[in-house]
Amino acid sequence: MTRLANKLAPGLLDRYLGATGVDSQQTDEPVDLDAWGDNLDRSLDDRDDAGAHGPFHRRARRHSPQLWAATHRPQLAAGLAGVMARRAAAR
C-alpha cells in the first residue's frame with residue numbers, strides 16, 4: 001500500500017507522516033531514568049547502554065527473519081529454484 005500511495009501521490013504520505021509520525025512514537029508513560037539512564041547531555045558508559053532494549057524491551061527482538069531474508073536474497077532464490085526443480089522432476 002505504501003508503494004502504491006507513493007506512486008499516486010508521493011508527497012501526501014510524507015506530509016501525513018510528518019504530521020503524525022512523532023506522536024505515534026511517543027508514550028505517556030514516565031521514564032525511569034535510574035533504570036535506563038539519561039544520555040541527553042553526555043554519552044552513557046557501555047555497561048549502561050540498553051541499546052534497542054530500552055523501554056520497549058518486551059517488544060524488541062535479537063533477530064529478524066525479514067532482515068535475514070532481505071540480506072540473503074541469492075541464497076533464497078537458489079533454494080527456491082532447487083525446490084521448484086525437485087517438484088518439476090517429481091512430476
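**Figure 1. Overall order of the elements.** From the N terminus onward, the elements of the chain follow the order α-α-α-α-α. The model is predicted, and the mean pLDDT of the chain is 81, with 78% of its residues at 70 or more. Where pLDDT is low, predicted coordinates should not be read in detail.

**Figure 2. Exposure of the chain.** The chain has 91 residues, and buried residues account for 4% of them.

**Figure 3. Helix H5.** Helix H5 covers residues 73-90 and has 18 residues. From its first C-alpha to its last, H5 reaches 26 Å, close to the 26 Å expected at 1.5 Å a residue. The number of buried residues among the 18 of H5 is zero, so this helix lies largely in the open. Among the elements of the chain, H5 also has the highest mean pLDDT, 96.

Figure 4. Helix H3 spans residues 33-36 and has the lowest mean pLDDT among the elements of the chain, 68. Asp 32 is located in the loop between helix H2 (10-24) and H3. The relative accessible area of Asp 32 is 42%; because this value falls between the cut-offs of 20% and 50%, Asp 32 counts as partly exposed. Asp 32 and Pro 55 are 23 residues apart in sequence, and their C-alpha atoms are 8.9 Å apart in space.

**Figure 5. The largest pocket.** The largest pocket holds about 330 Å³ of space. Its lining is formed by 13 residues. Thr 27, Glu 29, Pro 30, Pro 55 and Phe 56 are the lining residues that lie nearest the centre of the pocket. By class, the lining comprises five nonpolar, four polar and four charged residues.

Terms used
Residues numbered from 1 in each chain as written. Predicted model: local features only at pLDDT ≥ 70, side-chain atom pairs only at ≥ 80, totals over all residues. Heavy atoms only, no water. 1 Å grid on protein atoms, 1.4 Å probe; cavity = no way out; pocket = protein on both sides within 12 Å on 5 of 7 lines; lining within 4 Å. Points joined across faces, edges and corners; volume = space filled by probe spheres on them. Nonpolar A, V, L, I, M, F, W, Y, C, P; charged D, E, K, R; others polar. Helix = DSSP H or I, 4+ residues; strand = E, 2+ residues; numbered from the N terminus. Expected span 1.5 Å × (residues − 1). Buried < 20%, exposed > 50% of the residue type's maximum accessible area, 1.4 Å probe, protein only. pLDDT = per-residue confidence, 0-100.
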